[in-house]
Amino acid sequence: MEATAIYNALSTTFPRGEAFFVESVRAFRDGAPPKLAEEIKAFTTQEAIHSREHDAFNKRAAEAGYDLSALEAQVERRLAVTKGKPPIVSLAATMALEHFTAILAHQLLADPRHLAGGEQEAADLWRWHAVEEIEHKGVAYDTWLHATRVWPGRKRWKLKARVMLYVTRNFVVDRTAGALELMRQDGIRGFKAWRMLLWYLWVRPGMFRKIAGAWLKFFLPDFHPWDEDDRHLLAAYASIASGDESKRKVRRAA
Ligand SMILES: [Fe+2]
Ligand SMILES: [Fe+2]
């Protein structure tokens, strides 16, 4: 129950959130070295498809009776903060959130307990998305490195660290509030809802606890997302993906 609420709350952020990632990274494509420009193109294609798939997933949740409007409005409010700010701020937010997504994706694929007990269709969507997040996890970061290549290291680190702390606070607060709201719609309220949610996120399976170390590495001066080589998780996925998942991946990539 709490797992469904958390993943549904997370899914609510993707249609608009990933459209924002696409715009933020695409703004730096002109002038990028050819290899990076190609990676940006592949990144924007993958994210645009994620956005669409999660939109369809969210519509099914809405049809099943969940009211997602408050959660969606909160996403809009968060994204509105970047309006009128220089494009590098949106890129920094994207780069930080892409690290967040990549470490969540890593955990999701590395430990089957995170998706255990849920519906097969939802688990398939999350695994497929997680694989693609790992595939492109370095792109927003490389775009950021390129865009800030003339910045002094200290200035670059300061903005990166500030933005990461800001988006992390919002992520934890908003996803917790979103999950509590969806649990409330399922009739679970108050202390019981908090206890279930905190236990699930921090204790068992403990997603937030398990990503804490990888999250901290972001603050190392020489950090790069590919310092953690998790391609073995992609290979493992390819070997276990059901026929439908493989088809989805091929169809989407076409
Ligand atoms: Fe994505
Ligand atoms: Fe992504």
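Q: What is the handedness of the crossing of α7 and α8?
A: The crossing is right-handed. Helices here (H or I, at least four residues) are DSSP runs, numbered from the N terminus, as are strands (E, at least two).

Q: What kind of model is this, and which rules apply?
A: This is a predicted model: local features need pLDDT of at least 70, side-chain atom pairs count only at pLDDT 80 or more, and totals for chains, interfaces and linings use all residues. Residues are numbered from 1 along each chain as its sequence is written, chains are lettered from A and ligands numbered from 1 in the order in which they are written, and side-chain values use heavy atoms, without hydrogens and water.

Q: Why is α7 called oblique to α8?
A: Helix α7 (residues 153-185) and helix α8 (residues 190-203) pack at about 130 degrees, with axes 10 Å apart. That angle makes α7 oblique to α8. Under 35 degrees is roughly parallel, over 145 roughly antiparallel, 65 to 115 roughly perpendicular, and the rest oblique. Axes are lines fitted to C-alpha atoms, for helices over the stretch in contact, and angles run from 0 to 180 degrees between N-to-C directions.

Q: Which residues make the contact of α7 with α8?
A: Thr176, Ala179, Leu180 and Met183 come from α7; Ala193, Trp194, Met196, Leu197 and Leu201 come from α8. Contact means heavy atoms within 4.5 Å. By class, eight are nonpolar, one is polar and none is charged. Ala, Val, Leu, Ile, Met, Phe, Trp, Tyr, Cys and Pro count as nonpolar, Asp, Glu, Lys and Arg as charged, and the others, Gly among them, as polar.

Q: What makes α1 oblique to α5?
A: Helix α1 (residues 2-26) and helix α5 (residues 120-135) pack at about 50 degrees, with axes 13 Å apart. That angle makes α1 oblique to α5. Their crossing is left-handed.

Q: Why is Ala64 called exposed?
A: Ala64 has a relative accessible area of 62%, so it is exposed. Exposed means over 50%, buried under 20%, and partly exposed in between (1.4 Å probe, protein chains only). Ala64 is in the loop between α2 (34-63) and α3 (69-80).

Q: Which members of the largest nonpolar core touch the most other members?
A: Of its 77 residues, these are Trp126, Trp144, Met164 and Phe218. Helix α4 (residues 87-110) gives the largest share, twelve residues. Such a core is a set of buried Ala, Val, Leu, Ile, Met, Phe, Trp, Tyr and Cys residues joined through side-chain atoms within 4.5 Å.

Key. A crossing is left-handed if the near helix is turned anticlockwise from the far one by less than a right angle, and right-handed if clockwise.
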